[in-house]
Amino acid sequence: MERGKKRRREEEEIEAENRDANHSLSLEQNLSFSDTNVALRMMRAQFPQIDKVAIQPFILQSQLYSSVKDRTQVDRELESLRRDKVVRIFKLNTGQDDHGIMFLEDYLKQLEHVVKRMEEKKQGDVDVFKWFKGHVIESKLEPCIEHEELYALLSLGGQVKDGHISLLINAGLLTRQLIDPNMYWFAIPNIGSVLKGLSRCCTYSVLILLGLQGRKELLSLLNRRRYKEMMLAPLEKMRLRLSPLDMRFHLRDLIGSGHLKTAHTPSGIVVQVSKD
């Protein structure tokens, strides 16, 4: 027993050391990867630390496109990781084709945090979270689910009431689709609270997830420069005023979405604003 505990402790220490080492690597040192899973794990290790909010690392699909040049490869490998229950993919309510990715083990940690919070506040029948984890998350791998299927899967755990589904929505695990009220998107709890208030021009929604103001701030910074470009190394070290997400997070996103592009020079990588 003691030997097993010691081995687990050593593994955790090694993982923590690797995470610290990965976080210290510059973007210029790890901008490109040949494998989607490796890229995901690197971005997970480099996810910015956000104070006072319990949020597990998430990756935007656009960030993968910035690192693995073959988009078809990314989509194929991401689908394989989803089917193998390594990651979950979330459709983001941005009005665009934006997707967030979270490792399943991290998503389950996020779920456990929600359950603990609900238990402390004594908010409704928390058994529904066990049903959700054991029957819905385990068997439904797609980003969305119909009301009837959700009800049927939850019923495998116990007698479902409308209040149970409302509890899942209030906990941030589900959002109802605007186009079809009988369809729900799976969601990441606490994401809204992490990025709340980033965009003053929008009503509160998962659109805030993408740090719209951070995107705008970074593009504005580059557009003000004479040639609308800057060396990656000093740019990465700059801080954004309007986003709790770091510069590296936004650079990967904007490069992958095509708003920015990179060019290799003898002095290093240059980041440029893409022409319309």
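**Exercise 1.** Find which strands a hairpin joins and through how many residues.

*Solution.* Begin with the hairpin, which joins β8 to β9 through 2 residues, where strands are DSSP runs of E with at least two residues, helices are runs of H or I with at least four, and both are numbered from the N terminus. Next, look at the pairing: β8 (residues 260-265) and β9 (residues 268-273) pair in the antiparallel sense over 6 bridges, and two strands count as paired if DSSP finds at least two bridges between them. Finally, within this pair, alanine 263 stands opposite valine 270 in β9.

This is a predicted model, in which local features need pLDDT of at least 70, side-chain atom pairs count only at pLDDT 80 or more, and totals for chains, interfaces and linings use all residues. Residues are numbered from 1 along each chain as its sequence is written, and side-chain values use heavy atoms, with hydrogens and water left out.

**Exercise 2.** Work out the strand order of the open sheet of 3 strands.

*Solution.* The order is β1-β3-β2, with antiparallel pairing. The edge strands, each pairing on one side only, are β1 (59-60) and β2 (87-91). Then follow β2 to β3 (residues 99-103), with which β2 pairs over 5 bridges, and find isoleucine 89 opposite isoleucine 101 in β3.

**Exercise 3.** Decide whether serine 66 is buried or exposed.

*Solution.* First locate serine 66 in helix α3 (residues 61-67). Its relative accessible area is 0%, so serine 66 is buried (buried is under 20%, exposed over 50%, partly exposed in between, with a 1.4 Å probe and protein chains only).
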